[in-house]
Amino acid sequence: MFENLLQRIISPVENIFREFGSIGLMFYQSIYWMFRRPFKFDYILKQMEFVGLNSVLVVVITGVFTGMVLALQSYHGFRKFGSEGLVGMTVALSITRELGPVLTALMVTGRAGSAMAAELGTMRVTEQIDALMVMALNPIKYLVAPRIIASFIMLPLLTIIADFVGIVGGYIVGVKLLGINEGAYINKTIQYLDLDDIYNGLIKAAVFGVILSVVSCYKGFYTSGGAEGVGRATTEAVVVSSVSILISDYVLTSIMF
Amino acid sequence: MHRQQNISTEMKVGILVVVGIIILFYMSFRVGKFGVFREGGYDLVVFFDNASGLDPKTPVQIAGVEIGKVKSIQLEGYRAKVNLLIKDKIKIPLDSKIAVKAQGVLGDKYIEVKPGGDKKYFDHGGTIKDVITTPDFDQIFATVNRAAKNFGDTLDEFSGIIGPKEKENIKKSLDNIQTVSNDFKEVIRVNKENITLVVKNASVISGKLGSIVNDVEQGKGTLGLLVKDETLYNDAKETVAALKTISTDIEQGKGSLGKLAKDDALYNDARDTVKNIKDITAGIQKGEGSFGKFTKDEGMYNEAQKTMKKIQKGADGLTEMTPITILGTIIGTFF
């Protein structure tokens, strides 16, 4: 009975380590296979379309409204000090440094990450992955690596779009709706926004892209338990990816700024 | 069919990538002030006692216009050595001054250069030595704090001086002032009619005075004629001219008076006379002769003093004849 209790404490911890180990191993294998011929550009391109292009609309909407609401919120704060001109700077800095990369990554996780997990999970439970292995085609090279590459490239692109439309949204609300001095708004934005802010945001986005694709592929790749298992894998993929993104965001921010 | 699909995917992804890169470049150009095309410039060095609030990229301004940036900040012998990167086309005179300033109370720090009038300019690596130290907020607050403390001490001392006795005195003084003012009020109330009469008379007098002055102005009456009549003035002028000719005649020894003034013999006579007088006075001094006795005698002196007093009294009486003096003043004001 005592041994049983010990087991119950140890096994979850053990599982966490095993999970991290498996994810790391999978990441390592994908990088290994990325640089092995033959290169499957078709696969990568297809994933880029899926991860990137199909997420543009949702990212644009997220970005615009985030910028707008930031302008609205910070306006009420800054008005108390009579420095409404700083709204532009606040919106631009928040979006480029933080909200652009994070919200884009979360939206892509919800849209594409869940789809990756479901797709690979279905292939696993219908034994398509096993079939690939039988045909001597490495499933990591053909299924996982293209998704990671596509996310790695597409996330920064989506983020720069989100940054841009977010700042434009803030400008529309701040200058056109709330009537903040346009010159002060734009000049303060340009004055306080550094190139490093944008670049660091994009680096973050690339890291988030890798995290969400690796985690989602891992969850899908090792699915077990039929249709129910696929559903569980999809949910776990989204949850674990999102949490990992937010945790790594803090770490990255503390390193960068 | 399959190929068609492929091209379409490539196109789509390609468009997305291009759009993303365009936006990235656009934002980089807008945001990057020194940006991708790093503007050249030359270095200047400044030593500050306190460089708090300064960072690399802190703007350097002349008259509010950005002319460069802080490049780096180092510690050199407990002073902050700040390297500035100034734009090439901006030339800074050698006698320029430099100061760290803040934009408003909450604003960011910046470096202000106050250009001098020198015709020589700083070269690359030059050091601006004329640093104006502006007090930072800690110092200002310390000063304000001290002032407030002094003020408080003064108040304490003041309240120490005013004991209960002094308070009583002050109260009494105030009461006295009140009674006095009440009395004054009473006096005014009783004599109200008299006072109004006095004021009325004064107003009548000043009105009359006004009309007199008016008359004088217009040359009416004797005084008016005196002031306004030209003939009088002309007479005076002629008299002065005549006097002048007489005096020139005297100068030249013309006429009897002239001879009197110019003749040497007369001068010698006068000198002898003065000498004689001197001898006589010396005699008097010694008490010789009858006049000498007269001056030295005490009783005589007292008598003379009494006489002088009487004369004084007579003169006082004369001064009391003020209307004449007033007339004199009025005439005086008109000339």
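**The two chains and their contact**

Reply: From the N terminus on, the elements of chain A run α-α-α-α-α-α-α-α-α. That gives chain A nine helices and zero strands. The model is a predicted one, and the description below should be read as such.

Chain A has 257 residues, and 43% of them are buried. Take the contacts in chain A between residues at least 6 apart in sequence: 88% of these join residues at least 24 apart.

The meeting place comes next. Here 18 residues of chain A are in contact with 15 residues of chain B. On the side of chain A that touches chain B, three helices each supply at least two residues: helix H2 (41-51), helix H6 (139-177) and helix H8 (195-221). By residue class, this side of chain A holds twelve nonpolar residues, five charged ones and one polar one.

Of the 335 residues in chain B, 8% are buried. For contacts in chain B with a separation of 6 or more, 49% are accounted for by residues 24 or more positions apart.

Some of the strands of chain B can be followed one by one. Strand S6 (residues 109-114) of chain B runs parallel to strand S2 (residues 59-62) of chain B, and two bridges join them. Within this pairing, Val60(B) stands opposite Ile111(B) in S6(B). S6(B) also pairs with strand S5 (residues 97-102) of chain B, here in the antiparallel sense and over six bridges. Lys97(B) is the residue that stands opposite Lys114(B) in S6(B). S6(B) therefore has a parallel pairing with S2(B) and an antiparallel pairing with S5(B), each counted as a pairing because DSSP finds at least two bridges.

Gln74(B) lies in strand S3 (residues 65-76) of chain B. Gln74(B) is exposed because its C-beta atom has 10 others within 10 Å, and a residue counts as exposed at 12 or fewer. Between Gln74(B) and Ala51(B) there are 9.7 Å in space, C-alpha to C-alpha, and the two are 23 residues apart in sequence.

To return to the request, the contact joins 18 residues of chain A to 15 residues of chain B, and the side belonging to chain A draws on helices including H2, H6 and H8. Twelve of the residues on that side are nonpolar.

Conventions
Residues numbered from 1 in each chain as written. Chains lettered and ligands numbered in written order. Predicted model: local features only at pLDDT ≥ 70, side-chain atom pairs only at ≥ 80, totals over all residues. Helix = DSSP H or I, 4+ residues; strand = E, 2+ residues; numbered from the N terminus. Buried ≥ 20, exposed ≤ 12 C-beta atoms within 10 Å, placed from the backbone. Contact = placed C-beta atoms within 7 Å. Nonpolar A, V, L, I, M, F, W, Y, C, P; charged D, E, K, R; others polar.
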